[in-house]
Amino acid sequence: MARATIYVGYTVPQLLRGAQSRIFPSDSALGVLRRSAFCYCTGSSTIKSKRKMDHLERTANNFRQEVIAQAKVCGITNESETVKRLRLAIANKDFTFKAGQWVDFFIPGVSVVGGFSICSSPSLLKREGILELAVKYTVHPPAHWIHTECTLDSEVALRVGADLHGYQEGKGNRHKLGTVKLYYSAKTTSELLFKKNILGLMKAFPGKITCCFHVTQQRSQICEELQPHVTEGRISEKDLEKHVSNDTSWYICGPPPMIESISKLLANIGVPRNCVFFEKWW
């Protein structure tokens, strides 16, 4: 049975997931990363402080791969005024991931471990040994390091986290390729990351992939290419209720208040809880 899929979010690197380099950081540095990660994860359950939990504490119960791979920064691009795209070269052939996964991000000299969604496809890693992350600026140490200190050839380490993936059309299952409708909200069109990629997917898969961009604080004129796909204002109940059916799955990505708001909205229009999927690990 073909299914429809609705993505609702502020950031959508998961939708886009679809150069070999010799990297030799010191073994001792990687060993320190392994020990600190192990100690942090195993000890997190005993922490009773009221401070805000960080990434490793919040995701302590999530599955993780055993491989911690060394990586070297081979590209840094400004996707917007607040978001950088990081290209990382990974030589370890045992390092793999599936669409929808994130990575623990270990930085030498920074005690806090980051957690970032992967915005490139598994095929890029297999073909070129490259993985990409899109990181928004915050004062959180890992994100702050990426925006203020990270340079080409900086060395880090990565470990793949939660595995979220659905059925694919093919042998061994009765599921056929359905349709995807994306609702993507940001303050302005300049903050709609990967919009060109998304428009390209819409052209490549007409009728199968569609997108409605929402902007909440747009002041400048919207470019002609985007105009047919942009709505001014927040994602509303009226936008989503037309897609409610027994064959629709809903995926939400964004900060916790947005996830909670959209979850309540979906409940109000009759979407069963077991059809709504999200990760609240920010």
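How exposed is Lys136: buried, partly exposed or exposed? Lys136 is partly exposed, with a relative accessible area of 46%. Its setting is described below, along with other parts of this predicted model.

## Overall make-up

The model is a prediction. The protein contains 7 helices and 12 strands. It has 282 residues, and 45% of them count as buried.

The accessible surface comes to about 15700 Å². Carbon and sulfur atoms account for 52% of that surface.

## The Lys136 salt bridge

Lys136 pairs with Glu191 in a salt bridge. The closest N and O atoms are 3.5 Å apart. Lys136 sits in strand E6, while Glu191 lies in the loop between strand E8 (179-186) and helix H5 (195-204), so the pair ties together parts that are 55 residues apart in sequence.

The two partners fall into separate accessibility classes. Glu191 counts as buried because its relative accessibility is 18%, and the cut-off for buried is under 20%. Lys136, at 46%, is partly exposed.

## A network around Glu132

The model holds 6 salt bridges. Some share partners, and these join Glu79, Arg85, Arg87 and Glu132 into one network.

Two of the contacts in question involve Glu132. One is with Arg85, at 2.7 Å from N to O. This pair links distant parts of the chain: Arg85 is in strand E3 (residues 83-90) and Glu132 is in strand E6 (residues 130-136), 47 residues apart. The other is with Arg87, with the closest N and O atoms 2.4 Å apart. Arg87 is also in E3, and it stands 45 residues from Glu132 in the chain.

How covered are these residues? Glu132 is buried, at 6% relative accessibility. Arg85 is buried too, at 16%. Arg87 is partly exposed, with a relative accessible area of 25%.

Leu133 is placed in strand E6. Its relative accessibility is 0%, so it counts as buried.

Which residues does Leu133 touch, leaving aside those up to four places away in sequence? Among them are Lys84, Arg85, Leu86 and Leu88. Val103 and Phe105 also touch Leu133. Further contacts include Phe116, Ser117, Ile118 and Cys119. Ile118 is 15 residues from Leu133 along the chain, and their C-alpha atoms are separated by 5.0 Å.

## Strand E4, covered on both faces

Strand E4 covers residues 102-106. How many of its residues are buried? The count is 5 of 5.

In a regular strand the side chains alternate between the two faces of the sheet. On one side of E4 are Trp102, Asp104 and Phe106. On the other are Val103 and Phe105. Both faces are covered, and these residues are all buried.

## Two positive phi angles

Most residues other than glycine have a negative phi. Which way do Asp153 and Phe194 go? Asp153 has a positive phi of about 80°, although it is not a glycine. Phe194, also not a glycine, has a positive phi of about 60°.

Asp153 lies between helix H4 (141-148) and E7. Phe194 is found between E8 and H5, and Glu191 lies in that loop too.

Their accessibility puts them at opposite ends. Asp153 is exposed, because its relative accessible area is 52% and the cut-off for exposed is over 50%. Phe194 is buried, with a relative accessible area of 6%.

Conventions:
Residues are numbered from 1 along each chain as its sequence is written. This is a predicted model: local features need pLDDT of at least 70, side-chain atom pairs count only at pLDDT 80 or more; totals for chains, interfaces and linings use all residues. Side-chain values use heavy atoms; hydrogens and water are left out. A salt bridge is a side-chain nitrogen of Lys or Arg within 4 Å of a carboxyl oxygen of Asp or Glu. Helices (H or I, at least four residues) and strands (E, at least two) are DSSP runs, numbered from the N terminus. Buried means under 20% relative accessible area, exposed over 50%, partly exposed in between (1.4 Å probe, protein chains only). Accessible areas come from the Shrake-Rupley method with a 1.4 Å probe; for residues, only the protein chains shown count as cover. Contact means heavy atoms within 4.5 Å.
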